[in-house]
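Please look over the structure shown below before reading the notes that accompany it.

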Amino acid sequence: MSHCSSMPSREFLWDIFQRVDQDNSGAISADELQRALSNGTWTPFNPETVRLMIGMFDKNQNGTVNFEEFGALWKYVTDWQNCFRSFDRDNSGNIDREELKIALTNFGYRLSENLIDTLIRKYDRLGRGTIYFDDFIQCCIVLYTLTSAFRKLDSDLDGVITIHYEQFLGMVFSLKI
């Protein structure tokens, strides 16, 4: 997603940060971030996606992002938005199965038709066969996190790992997803 946005000015970010930080605590909580983000569909942003994003940029692990962390988070969301728009070919505000497949292929994933169907089922909150912006971000974060964890154990890069049950549980539960 490097083809996307450039970093906005510090003043612009500060203005947004202050508007999002509704209790003026100097940090943005998951609730404040959720209220500030929009799907472009008048639906609230998925709280699980918000939690994942806060977790990615919350360096001191206190459940909030400060102004410095917010700049990186803002760029991340903006990049995802540009990316999402480029794959939402019919400008419907959501991504259908074919658009998701194209997006994931562009990201370098080679997934079976069955797995694409599974992702649509998992991240389609309304049961319409489409994925909204926030759920698309969540899907991509989870896919990336699981793939990275798998690759750490796939030392010969053949796409196959052998692990014990407890190793598997340890790997999954240690991930921030």
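This is a predicted model: local features need pLDDT of at least 70, side-chain atom pairs count only at pLDDT 80 or more; totals for chains, interfaces and linings use all residues.

Residues are numbered from 1 along each chain as its sequence is written, and side-chain values use heavy atoms, with hydrogens and water left out.

**Helix H5**

- Helix H5 spans residues 97-106, and its buried residues are Glu99, Leu100, Ala103 and Leu104, where buried means under 20% relative accessible area with a 1.4 Å probe, protein chains only.
- These residues cover an arc of only 130 degrees around the axis, which puts them on the same side of H5; the arc is that of the directions from the helix axis to the C-beta atoms.
- The buried residues of H5 pack against H4, E3, helix H6 (113-123), strand E4 (130-132) and helix H7 (133-153), with contact meaning heavy atoms within 4.5 Å.
- Helices (H or I, at least four residues) and strands (E, at least two) are DSSP runs, numbered from the N terminus.

**Loop residues with positive phi**

- Gln61, in the loop between helix H3 (47-57) and strand E2 (64-65), has a phi near 55 degrees, a positive value in a residue other than glycine.
- Gln61 is exposed, with a relative accessible area of 54%, exposed being over 50%.
- Asn91, in the loop between helix H4 (67-87) and strand E3 (94-96), is not a glycine either, yet has a positive phi of about 50 degrees.
- Asn91 is exposed, with a relative accessible area of 65%.
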